[in-house]
Amino acid sequence: MFKPPFILSIAGGGSTYTPGIVKSLMVRLEDFPLAEIRLYDIDGERQSVIAPVVEKVIRDHSQSIKFTVTTDPEVAFSGAHFVFAQMRVGQYKMREQDEKIPLRHGVVGQETCGPGGLAYGLRTILPMVELCDLVERYAHQKAWIVNYSNPAAIVAEGVRRLRPNARVLNICDMPVAAMRNMGAILGVDRHKLVVDYFGLNHFGWFTRVLVDGEDRLPELRRHIAQFGLLTEDAAQTDPQHSDPSWVKTWRHIKPIMDHFPEYLPNPYLQYYLMPNDIVEHQNPDYTRANEVMDGREKKLFAAAAEYKKTGILPDAFHVGVHGAFIVDVACSLAFDLRQRHLVIVENKGAIANLPYDAMVEVPAYITSEGPEPVRMGAVPLFHQTLLMQQLASEQLLVEATIEGSYEKALQAFTLNRTVPTMQHAKAILDDMIEANRDYWPQLQQAWKDGEAVK
Ligand SMILES: NC(=O)c1ccc[n+]([C@@H]2O[C@H](COP(=O)([O-])OP(=O)(O)OC[C@H]3O[C@@H](n4cnc5c(N)ncnc54)[C@H](O)[C@@H]3O)[C@@H](O)[C@H]2O)c1
Ligand SMILES: O=P(O)(O)OC[C@H]1O[C@H](O[C@H]2[C@H](O)[C@@H](O)[C@@H](O)O[C@@H]2CO)[C@H](O)[C@@H](O)[C@@H]1O
Ligand SMILES: [Mn+2]
């Protein structure tokens, strides 16, 4: 392995999460020493708004760390040891389409779940593969990409198929956020929780929550039966989670566990298990993308403008589990700490009754050569069946992207639990093809009017 201090590049440097992640890096400099931070984005203008805020965060902690802002991949990745990826291909304007198009057809409109997630996947797989190639070309031979770019399940499967040897670790902060709330309910720091969990990204269940060897899930069940997975101080722990949509999401753990109390679900299961309820309460003219643009993005951009004008940076971004988690994972990769974290990995038998090569989310020990998944055993038929259907939907979407197949895209949409009929699937897919014409690969039909297309 390489020795610190490290060169770290952030792909998607213009992200609203960049200042928070860099702040998390700054408070952990002793654990994860840095020589240079580089921001890389294909949208130089957006990145140039965020960059001065990031530079201020760095300079408040260190005068010696070199700071580079670029749209040139060679500058961004040459000799880099770590790349944190957080690209939103198509930005918020396409997230808005992902959410609003399905809703127009009475189907869940969500960033990573249902048709919206599939559409986002079709946009992101190839740019993510391109990122892997750029890192392979320019970065240190042993560099790690730690990837947050969504939809993480589909991105992970796409990269597994197209670049099986890439050193990419796909992660999600949702289980960690759930553990933060569990810790708050139990009155225990989240780092003290040791959990068992099985599933796919944004589609899984906690089966045990150990504190000093004792399973505290029974206590959590009692709390959830009253309040969901929400704590009174949720707003203080993470201001974003005081947004109405997040409060509702944490509350929805209750109805799910009222029906299936054994395991504690990932909050994203609300979209698959109670889609009608979700659609009924979603405003088709104002979705989460609008909430984020009017909230997180606006606040950060306003702070950047204020800082430029006055030299004073208002409190405008949140440093929470999102930044802390990626730094924890990077430390474990860098120093072979073998810490146990929930990550997205190739199954290889960890979930005994799911395919060997499925990209699953389970606990794993993070070594300098990557994750070593922990065996979760065989899962019950109910969960296995839900998982297999979701896995098939996501795998068909990846195949549709690779082969440019309209039929496989339609199968992916039809198989998704959020989509009631094949007619809904086709209507949504056709609208999405139109909306994504600048982003998606061409999808060719193998059959038209009952005839095979030559
Ligand atoms: N895995 C997780 O649990 C998790 C958690 C939070 C956010 N995310 C993801 O992090 C990403 C950033 O979220 P955000 O809300 O800050 O979005 P954002 O739009 O503010 O930032 C994303 C940035 O990525 C850039 N980008 C797009 N395509 C690119 C490419 N090919 N190369 C380099 N940069 C590119 C955009 O120009 C933009 O500046 C999204 O993919 C989001 O879904 C994931
Ligand atoms: O709607 P957004 O853009 O606010 O969030 C979408 C992301 O939600 C999850 O991440 C949360 C995380 O759970 C929470 O603790 C905190 O850090 O905020 C994050 C953003 O709200 C989810 O895991 C991501 O995949 C989504 O992109
Ligand atoms: Mn996630």
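In this tour, Ala, Val, Leu, Ile, Met, Phe, Trp, Tyr, Cys and Pro count as nonpolar, Asp, Glu, Lys and Arg as charged, and the others, Gly among them, as polar. This is a predicted model, in which local features need pLDDT of at least 70 and side-chain atom pairs count only at pLDDT 80 or more, while totals for chains, interfaces and linings use all residues. Residues are numbered from 1 along each chain as its sequence is written, and chains are lettered from A and ligands numbered from 1 in the order in which they are written.

Begin by selecting ligand 1, which is surrounded by 25 residues, a residue being near a molecule if its C-beta atom, placed from the backbone, lies within 6 Å of it. The closest are Gly12, Gly14, Ser15, Asp43 and Asn150, and the shell as a whole comprises 11 nonpolar, 9 polar and 5 charged residues.

The C-alpha trace spans about 65 × 55 × 45 Å along its principal axes, and buried residues (20 or more other C-beta atoms within 10 Å of their own, with C-beta atoms placed from the backbone) make up 49% of the 454 residues.

Then select helix α4 (residues 91-104) together with helix α5 (residues 114-138), whose axes, as lines fitted to C-alpha atoms over the stretch in contact, come within 8 Å and cross at roughly 145 degrees, on a scale from 0 to 180 degrees between N-to-C directions. Met94, Asp98, Glu99 and Pro102 in α4 meet Gly114, Pro115, Gly116, Ala119, Tyr120 and Arg123 in α5, contact requiring C-beta atoms, placed from the backbone, within 7 Å. This contact has 5 nonpolar, 2 polar and 3 charged residues.

Finish at Ala412 in helix α17 (residues 406-415), which is buried because 28 other C-beta atoms lie within 10 Å. Beyond its neighbours within four places in sequence, Ala412 is in contact with Leu118, Ser393, Leu396, Leu397 and Ala400.

How values were computed: A residue is buried if 20 or more other C-beta atoms lie within 10 Å of its own, exposed if 12 or fewer, and partly exposed in between; C-beta atoms are placed from the backbone. Helices (H or I, at least four residues) and strands (E, at least two) are DSSP runs, numbered from the N terminus. Two residues are in contact if their C-beta atoms, placed from the backbone, lie within 7 Å.
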